[in-house]
Amino acid sequence: MRLVREEIFGRVEESLKNLDEARATLGDEIKLSAVRYMLASMVLTLGRGAGSTFYRAGFDIGVYKAEGEGVEGLEEALEYIKEKFMDTKLGVIEKAEAKDDDSVEIVMKESATAAGYSVDEKLCYFQAGFMAGVLRAATGDRWEVREVECVAEGHDACRFIAQRRG
Ligand SMILES: [Zn+2]
């Protein structure tokens with residue numbers, strides 16, 4: 001059975017409405033350690049396609065959330081990304097700055113997927129995709145978001161460049 005974006009994320013939204021009852025003890029929380037093992041095992045399953053799959057997943061969620069919450073325009077998109085990352089603890093956005101109309105630099109610390117890793121590769125595909133999805137929904141244009149530096153490679157922050165592709 002293949003579900004479209006609205007159906008499957010609609011189910012998620014519904015499932016989260018009554019957590020006071022459904023998860024009376026644990027609520028809307030799960031430990032990073034559990035998530036990291038889940039993600040690592042998905043990398044095992046997905047192999048070389050893992051990065052693009054996580055990017056696509058982030059993109060779909062970004063579009064869905066930004067559309068649902070009526071985010072509009074580049075400035076609102078950047079503010080939304082900052083707030084959502086803090087709220088969900090995906091990472092701390094230290095800087096999200098439009099360099100010109102068509103490109104944005106985003107700097108993130110404390111990445112949920114990369115902080116603490118030292119593996120000589122980039123690990124924040126999900127976040128990059130989420131940014132691309134929010135930008136897409138908010139501006140109506142296609143955006144490509146590339147992580148150019150990652151803490152997992154030894155940098156002191158993760159740095160992304162978003163480019164409008166029209
Ligand atoms: Zn990173």
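Helices α4 and α6 pack at an angle of about 35°, and their axes lie 6 Å apart. Here, axes are lines fitted to C-alpha atoms, for helices over the stretch in contact, and angles run from 0 to 180 degrees between N-to-C directions. The crossing of α4 and α6 is right-handed, a crossing being right-handed if the near helix is turned clockwise from the far one by less than a right angle, and left-handed if anticlockwise. By class, the contact of α4 with α6 comprises 16 nonpolar, six polar and four charged residues. Ala, Val, Leu, Ile, Met, Phe, Trp, Tyr, Cys and Pro count as nonpolar, Asp, Glu, Lys and Arg as charged, and the others, Gly among them, as polar.

The model is predicted: local features need pLDDT of at least 70 and side-chain atom pairs count only at pLDDT 80 or more, whereas totals for chains, interfaces and linings use all residues. Residues are numbered from 1 along each chain as its sequence is written. Helices (H or I, at least four residues) and strands (E, at least two) are DSSP runs, numbered from the N terminus.

Helix α4 covers residues 50-68. Because a helix is expected to span 1.5 Å times one less than its number of residues, the 19 residues of α4 should span 27 Å, and the 27 Å between its end C-alpha atoms agrees with this. The buried residues of α4 are F54, Y55, G58, F59, G62, V63, Y64 and A66; a residue is buried if 20 or more other C-beta atoms, placed from the backbone, lie within 10 Å of its own, exposed if 12 or fewer, and partly exposed in between. These buried residues pack against α1 (5-15), α5 (74-88) and α6 (125-139), contact requiring C-beta atoms, placed from the backbone, within 7 Å. Just after α4, G70 takes a positive phi of about 65°.

Positive phi values also occur in residues other than glycine. K89, in the loop between α5 and β1 (92-100), has a phi near 65°. K89 is exposed because 12 other C-beta atoms lie within 10 Å. E110, in the loop between β2 (103-109) and α6, has a positive phi of about 55°. With 18 C-beta neighbours inside 10 Å, E110 is therefore partly exposed.

Automatic or database assignment divides the chain into domain 1 (1-30) and domain 2 (38-164), whose C-alpha centres lie 22 Å apart. R36 is found in helix α3 (residues 32-46) and, with 14 C-beta neighbours inside 10 Å, counts as partly exposed. R36 and R142 are 106 residues apart in sequence and 30 Å apart in space, C-alpha to C-alpha.

Terms used. Contact = placed C-beta atoms within 7 Å.
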